[in-house]
Amino acid sequence: MFILFQILQIVVAPIPGEVVQIAGGYIYGVTLGSLYTTIGLILGSAIAFYFTRFIGRDYISKILQKNKYKWMSLIHDEKKFSVFLFIFFVIPGLPKDLLVFVAALTSMGSFRFFSILIVGRLPWIIASATLGSTIQMQEYSIAIIISVIAVIGFVLGYIYKDKMMKWFSTVEKTKGRAHSAKPKVNPSLNTKE
């Protein structure tokens, strides 16, 4: 039932994911809470991703165009969108479920998308489950510390997300140039004996 609730939270329900993750930690503890949340996250994201990619592409496109999200121009550049996706998934408290539908509209491969999803979201899933578990065990000092770290992470991430995106995009371009550039050979070292 918990996994089903996590799936519904991603696909249809406007419930913040962090609430479900904390509840998972509260009910099942850190390990099982994180595991069940991650299973629900992957299944729910797969339903949303493949529904959009194979059936609901036009419907989702109309919703996005109607709302005129300013970051929508990024979906045409897979590298920049991957960076944007990762940053958005890493920052706690931001609404992430819509991006699953958006990712399905891009040319991004399934493996790349789910890798970004799991790597980006897993740290905060574990942190949220830990928060729920500490509340259940009445270890309020640890719960407060985790909450403060999450709030700081949210504030810093929200303030600096544009700068991080720009920096990561620059790094991607620099790497691309480094790989495409031919190594220069010093003529004085190229001697025949």
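The model is predicted; local features need pLDDT of at least 70, side-chain atom pairs count only at pLDDT 80 or more, and totals for chains, interfaces and linings use all residues. Residues are numbered from 1 along each chain as its sequence is written, and side-chain values use heavy atoms, with hydrogens and water left out.

The chain holds 7 helices and 0 strands (DSSP runs, H or I of at least four residues for helices, E of at least two for strands, numbered from the N terminus). The order from the N terminus is α-α-α-α-α-α-α. Of its 193 residues, 38% are buried (under 20% relative accessible area, 1.4 Å probe, protein chains only). Among contacts (heavy atoms within 4.5 Å) with a separation of 6 or more, 77% join residues 24 or more positions apart.

Helix H1 (residues 2–11) packs against helix H2 (residues 17–54) at about 55 degrees, and their axes lie 7 Å apart (lines fitted to C-alpha atoms over the stretch in contact, angles from 0 to 180 degrees between N-to-C directions).

Ser45 belongs to helix H2. Ser45 counts as buried because its relative accessibility is 0%. Beyond neighbours within four places in sequence, Ser45 contacts Ile10, Val100, Phe114 and Leu117.

Notes
Buried < 20%, exposed > 50% of the residue type's maximum accessible area, 1.4 Å probe, protein only.
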